[in-house]
Amino acid sequence: MLVDLTDVLSEQHKTIETDTNLEMKEYRREKETFPIAEKQQVHIVVEYVQDAKIMITGDTSLMIKIPCDRCLEDVNTPFDLKFTKEVDLSDEVTEADEELDEKNFIEGHHLNVDQLICNEILVAWPMKVLCSEDCEGIVYEKDDALDPRMAAALDVFKNFQS
Ligand SMILES: [Zn+2]
């Protein structure tokens, strides 16, 4: 969703405060795609700082399905995002800007909220995702795929024991 920044850039430098919806239904990272299970509106405040500088403050929370590192089951992973960014909208692009791609969420006089949130998701991405602390990994999947004859033999063995 695009937020028009004209008000804040006008001579009155009116603060913009808005709630906006995310358009994205999934998050793409490298070659992987992660479905967004739940999302809240994004609360955005844009204030004028000085010259061509503005301050963007925002928060939202969403839930992204990320596979467990061990068993690959999808895990609903919460993201509580809160961020503040000072952005220089003057045409001068500093080397730091280019390197960090810091302003990729600014499109002319618009703020691309989806792109901004994508950046924040990347920053907040967990180092490790586990369905549970004691997930035993894909051992269980191997059990499921056990040869039926072998499974039958194990059942006999279990019954014999009890
Ligand atoms: Zn797991």
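1. A contact here means heavy atoms within 4.5 Å. Among contacts in the protein between residues at least 6 apart in sequence, 61% join residues at least 24 apart.

2. This is a predicted model: local features need pLDDT of at least 70, side-chain atom pairs count only at pLDDT 80 or more, and totals for chains, interfaces and linings use all residues. Residues are numbered from 1 along each chain as its sequence is written, and side-chain values use heavy atoms, with hydrogens and water left out.

3. The protein has five helices and nine strands. These are DSSP runs, numbered from the N terminus (helices: H or I, at least four residues; strands: E, at least two). Their order along the sequence is β-α-β-β-β-β-β-β-α-β-β-α-α-α.

4. What coordinates the zinc ion? The SG atoms of Cys68, Cys71, Cys131 and Cys135 do, at 2.3 Å. Donors are N, O and S atoms within 2.8 Å of the metal (3.2 Å for Na, K and Ca); water is not among the atoms, so sites may look incomplete. The site is tetrahedral, with angles of 105 to 116° among the four donor atoms. That label requires four donors with all angles between 85 and 135 degrees.

5. Along the chain, the zinc donors follow the spacing C-x2-C-x59-C-x3-C. Cysteine 71 and cysteine 135 link distant parts of the chain, 64 residues apart. Cysteine 71 sits in the loop between strand E6 (53-67) and strand E7 (74-88). Cysteine 135 sits in the loop between helix H3 (113-124) and helix H4 (139-144).

6. Cysteine 71 counts as buried because its relative accessibility is 9%. Buried means under 20% relative accessible area (1.4 Å probe, protein chains only). Cysteine 135 is also buried, at 10%. Of the 162 residues of the protein, 31% count as buried.

Terms used:
Buried means under 20% relative accessible area, exposed over 50%, partly exposed in between (1.4 Å probe, protein chains only). Four donors count as tetrahedral if all angles lie between 85 and 135 degrees; four count as square planar and six as octahedral if opposite donors are over 155 degrees apart and all others between 65 and 115; anything else is irregular.
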